[in-house]
Amino acid sequence: MGEQRFGEFVLVRRHGDGGAGHVAELVLDRPKAMNAVSTEMARSIAAACAGLGGDRSVRVVVVTSTHERAFCVGADLKERNSLSDAELVRQRPVARGAYTGVLELPVPTIAAVHGFALGGGFELALACDLIVADRTAVVGLPEVSVGVIPGGGGTQLLPRRVGAARAAELIYTARRVEAAEARELGLVDQVVEEGRDREEALGLAGRIAGNSPVGLRAAKRALRLGQGLDLRAGLEVEDAAWRAVAFSGDRAEGVAAFNEKRAPRWPGE
C-alpha cells in the first residue's frame with residue numbers, strides 16, 4: 001500500500017488487496033478543523049484528483065476522512081470570514097476546483113461518510129457516484145442559514161439524486177438529516193454499522209475494481225453524459241461509449257476469460 005501526500009491536508013493511499021493496487025483512497029486529513037475545506041485544502045484536493053484522473057492504473061477512488069466525528073463540515077468559515085470581497089472572488093475558482101476535481105474523476109467514486117457531512121462536505125460526497133454511510137452520519141446543505149447557497153454543486157447534484165421538490169425542501173430548510181432518514185430519502189446509498197463506512201466502501205471498491213478498467217470508464221462516461229438528455233439522445237451517448245469499448249483489448253480478454261472459465265487479466269486498453 002503506497003501513500004502520497006498532497007499538501008498538509010490530503011493523502012492518497014493505494015490499496016493492494018481486492019483490486020491489485022487499483023483502488024485509490026483519497027483521504028481528507030485536516031482533523032483539527034473537522035476537515036473544513038480551506039483554500040489550501042481545496043487546492044490539494046484538486047491536485048490529488050488531477051493525479052488520480054491521469055493515472056490509468058486507478059480503477060476506483062474512495063473518499064474517506066481521518067476525523068472520528070466528521071467526514072467534512074464544509075467550507076472553512078473562519079477563513080472565509082477573514083477574506084475581503086476581492087479575495088473571495090479570487091478564492092472562488094480554487095474552491096470550485098476541489099468539487100469539480102472529484103466530480104470529473106473518470107473512474108467510479110465512492111464516499112465513505114461518518115459523522116458530519118455538511119455543506120461543502122456533503123457536496124464532496126454528492127460528487128461521488130455512490131455514498132456509503134455509517135449510522136452516525138448526519139448530512140445536509142445548510143448554506144442558506146448562513147446567507148449563501150450551496151456552491152460546490154449541491155443545487156445541481158442533489159435534485160439529480162432525489163428529485164427537484166425533495167432537494168428544494170432540504171436546501172430551503174437547511175435541515176440536517178440523520179443516517180436512517182438519509183437512506184430513506186436517497187441522500188446516501190447504503191447505511192452500515194458505526195465505524196464500518198470506510199471498510200465497507202473499500203470492500204465495494206475492491207469488487208468494482210475486479211472489472212474491466214476500460215468498461216468502467218466508459219460506463220461512467222455514459223452514465224454522466226446521458227444525465228438530463230432525452231432518451232433518444234441518451235441512447236446515442238451509450239452507443240458511442242459501447243463502440244469505444246467493443247474493439248478494446250479488455251473486451252477480447254473478457255470474452256476469452258469467460259469461455260475459458262478463468263479470471264480475466266485486463267490489459268486496460
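The largest cavity holds about 50 Å³ of space, where a cavity is a set of points on a 1 Å grid over the protein atoms alone at which a 1.4 Å probe fits but cannot get out, while a pocket is an open set with protein on both sides within 12 Å along at least five of seven lines, and lining residues have an atom within 4 Å of a point. Grid points are joined across faces, edges and corners, and a volume is the space filled by probe spheres set on the points.

This is a predicted model, in which local features need pLDDT of at least 70 and side-chain atom pairs count only at pLDDT 80 or more, whereas totals for chains, interfaces and linings use all residues. Residues are numbered from 1 along each chain as its sequence is written, and side-chain values use heavy atoms, with hydrogens and water left out.

The lining of the largest cavity includes Phe-122, Val-139, Leu-158 and Arg-175.

## The largest pocket

The largest pocket has a volume of about 830 Å³, and of the 33 residues that line this pocket, Gly-74, Ala-75, Asp-76, Leu-77 and Arg-80 are the closest to its centre.

## The second largest pocket

About 290 Å³ of space lies in the second largest pocket, whose lining includes Leu-103, Cys-128, Asp-129, Arg-160 and Gln-227.
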